[in-house]
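Reader: I would like to learn how to read a model feature by feature, with the general idea set out before the particular case. Could we work through one together?

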Amino acid sequence: MNDVEGPVNVGVDFVQSLDRGLRVIRAFSDRHDRLSMADVARATNQSRAATRRFLLTLESLGYLGVDDKRYYLRPRVLELGYAYLSSSTTVEVTQHYLEELSKELNESCSACAYDRGEIVYVARAAADRIMSVNIGVGRRLPAFATSTGRLMLSSLSPAQLDDFFATYPRPALTNKTITDEGELRALIATAGEQGWIINDEEFEHGVRAVAAPVYDASGAMWAAVNISVPASRASMKELESKFLPRLLEVTEQISRDIKR
């Protein structure tokens, strides 16, 4: 189990106890849905005594449940993410277009935003087929190995990109995953210049994806949208010739709508 990432740029007004409590919530995932106190303490780098207090507090507030000394998230935690999703017309607009595009192509479509070395799924319309990776809104994936992530990384300043390469690990997720910094920098630069990028089975075997950016009213890249397809259904050339033109049309439509 990976340690939960800590805060950056901590100032004098930083409330450490709130950060530590949120770390406890973030320790849970689809792979680690029931954790003992020792599991949580190890994942959050906190003492067992402090971890116990946070667990009991979150349990009393209704965010956690406990069964046979193993804690699990309760539905109330959904309030934390729902507040963002329900207040964002940008997400609502994007979700509408993704659903239409997914129906049209019968392929899965997603929108992802960048956050601390990872991409976070903020909208998704899944095709009716089984994938080996369970992906839904809120799921976080490493930015360096995904089409949407590389596109979002192209929007970072040179200093921010340097910090990314100095800070975040780049493990090989498949035998096709590019991890070399020089190669990745070149791919990220190309993605920014051409306004799209294709990923060939680097995150998951048998899955290819093409991504394009969505811009907000300020002209900043708000998210990247991708179409993911089984490698057996589309070659790299077909991704570019068949799927990319439609994706570019849709991302331009989303960008226009969220700027209104």
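Predicted model: local features only at pLDDT ≥ 70, side-chain atom pairs only at ≥ 80, totals over all residues.

Reader: How many cavities of 30 Å³ or more does the structure hold, and what volume does the largest cavity have?

Author: The structure holds 1 cavity of 30 Å³ or more, and the volume of the largest cavity is about 250 Å³.

Reader: Which elements each supply at least two residues of its lining, and how does that lining divide by class?

Author: At least two lining residues come from each of β4 (118-125), α6 (147-153), β7 (207-215) and β8 (221-230). By class, the lining of the largest cavity comprises 10 nonpolar, 7 polar and 3 charged residues.

Reader: Let us turn to the second largest pocket; what is its volume, and which residues line it?

Author: The idea to hold on to is that a pocket is an open set of points, whereas a cavity is one from which the probe cannot get out. The second largest pocket has a volume of about 200 Å³, and its lining is made up of Y114, D115, R116, M152, S155, L156, Q160, D163, F164 and Y168. These residues divide into 5 nonpolar, 2 polar and 3 charged.

Reader: Which element gives the most to the lining of the second largest pocket?

Author: That element is α7, with 3 residues; both β3 (108-115) and α7 (158-167) supply at least two residues each.

Reader: Which value of phi does D68 have, and where is D68 found?

Author: Most residues other than glycine have a negative phi, and most peptide bonds are trans. D68 is not a glycine, yet its phi is positive, near 55°. D68 is found in the loop between β1 (64-67) and β2 (70-73), and with a relative accessible area of 68% it is exposed.

Reader: What can be said in the same way of N106, its phi and its place in the chain?

Author: N106 has a positive phi of about 55° although it is not a glycine. N106 is found in the loop between α5 (89-105) and β3, and its relative accessible area of 40% makes it partly exposed.

Reader: How is the chain divided into domains, and how far apart do their C-alpha centres lie?

Author: The division is into domain 1 (11-74) and domain 2 (88-259), whose C-alpha centres lie 31 Å apart. The UniProt record, an unreviewed entry, places the feature "domain: HTH iclR-type" at residues 15-75. That span is 52% helix and 13% strand, and its end C-alpha atoms lie 25 Å apart.

Reader: How far apart in space are R139 and S29, and M37 and A126?

Author: R139 and S29 are 110 residues apart in sequence and 9.1 Å apart in space, C-alpha to C-alpha, while M37 and A126 are 89 residues apart in sequence and 35 Å apart in space. R139 is found in the loop between β4 and β5 (140-142) and is partly exposed at 22% relative accessibility. M37 is found in helix α2 (residues 37-44), and its relative accessibility of 27% also counts as partly exposed.

Terms used:
Residues numbered from 1 in each chain as written. Heavy atoms only, no water. 1 Å grid on protein atoms, 1.4 Å probe; cavity = no way out; pocket = protein on both sides within 12 Å on 5 of 7 lines; lining within 4 Å. Points joined across faces, edges and corners; volume = space filled by probe spheres on them. Helix = DSSP H or I, 4+ residues; strand = E, 2+ residues; numbered from the N terminus. Nonpolar A, V, L, I, M, F, W, Y, C, P; charged D, E, K, R; others polar. UniProt positions renumbered as here; feature names shortened; annotations may be inferred. Domains from an automatic or database assignment. Buried < 20%, exposed > 50% of the residue type's maximum accessible area, 1.4 Å probe, protein only.
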